Amino acid sequence: KRQVVHLRPFKCSELSEARLPPARERLEAVVARVMEFLGFKPYTDVRLPNRGGGETEVDVWAVKGDFRVYVSCKNWDRDVGRDVIEQEFGRVYNLREIPHLKILVVSGLTDEARTSARADGFYIIELGGKVRGDNMVDVCEVIQERLTSIFTSIAPPQLQEAYGRLEE
């Protein structure tokens, strides 16, 4: 029997700084909230088994049926460099359960890091700055638009067409 997921309306303006975790974890909380809106069961700061017998910490791990999404969040004051992308690739590759989709949500990337991330199969969401209390709604809207776009783009053409008609 298929599980029916009813999406409840979600507006980024409903987010309040008081209801989110400390600054270090805000980006993960916003991503998890948007993933939940998209019908996923998100887990934040979860430790998953890796191939070496240990555990790997994952910022956001989202599950929908058998579909798994790995999201790494870098809420930094500086651009993410290629070395971090290489670390992320290694982290994903060493997970015992490889995700179907890998996403990086970052304040920004160097050109070299962007090229490397794309070559490694990551979807990239660049925010143009660090998420803070005063820009949280704007950041949420960017994340929601980009994640919706990613999932719509991988949907079959019939669903893409239906989604387009619904938007109209």
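Mentor: Let's start with a term: a residue is called buried when its relative accessible area is under 20%. Keep in mind that this is a predicted model. Across the protein chain, buried residues make up 45% of the 168 residues.

Trainee: Now helix H4, please: which residues of H4 are buried?

Mentor: The general idea comes before the case. An α-helix has 3.6 residues a turn, so residues three or four places apart point the same way. In H4, the buried set is Met136, Val139, Cys140, Ile143, Gln144, Leu147, Thr148, Ile150, Phe151 and Thr152. The helix itself covers residues 136–153 and spans 25 Å between its end C-alpha atoms, close to the 26 Å expected.

Trainee: And how do I describe the way two helices pack?

Mentor: Two packed helices are described by the angle between their axes and the distance between the axes. Here, helix H1 (residues 26–37) packs on H4 at about 45°, and their axes lie 10 Å apart. Because of that angle, H1 counts as oblique to H4. The crossing of H1 and H4 is right-handed.

Trainee: Which residues in H1 and H4 meet?

Mentor: From H1 come Arg26, Leu27, Val30, Val31, Val34, Met35 and Phe37. Their partners in H4 are Met136, Val139, Cys140, Ile143, Gln144, Leu147 and Phe151. Look back at the burial list: Ile143 and Leu147 are among the buried residues of H4, and both take part in the meeting with H1.

How values were computed
Residues numbered from 1 in each chain as written. Predicted model: local features only at pLDDT ≥ 70, side-chain atom pairs only at ≥ 80, totals over all residues. Heavy atoms only, no water. Helix = DSSP H or I, 4+ residues; strand = E, 2+ residues; numbered from the N terminus. Expected span 1.5 Å × (residues − 1). Buried < 20%, exposed > 50% of the residue type's maximum accessible area, 1.4 Å probe, protein only. Axes fitted to C-alpha atoms, helices over the stretch in contact; angles between N-to-C directions. Parallel < 35°, antiparallel > 145°, perpendicular 65-115°, else oblique. Left-handed = near helix turned anticlockwise from the far one by under 90°. Contact = heavy atoms within 4.5 Å.
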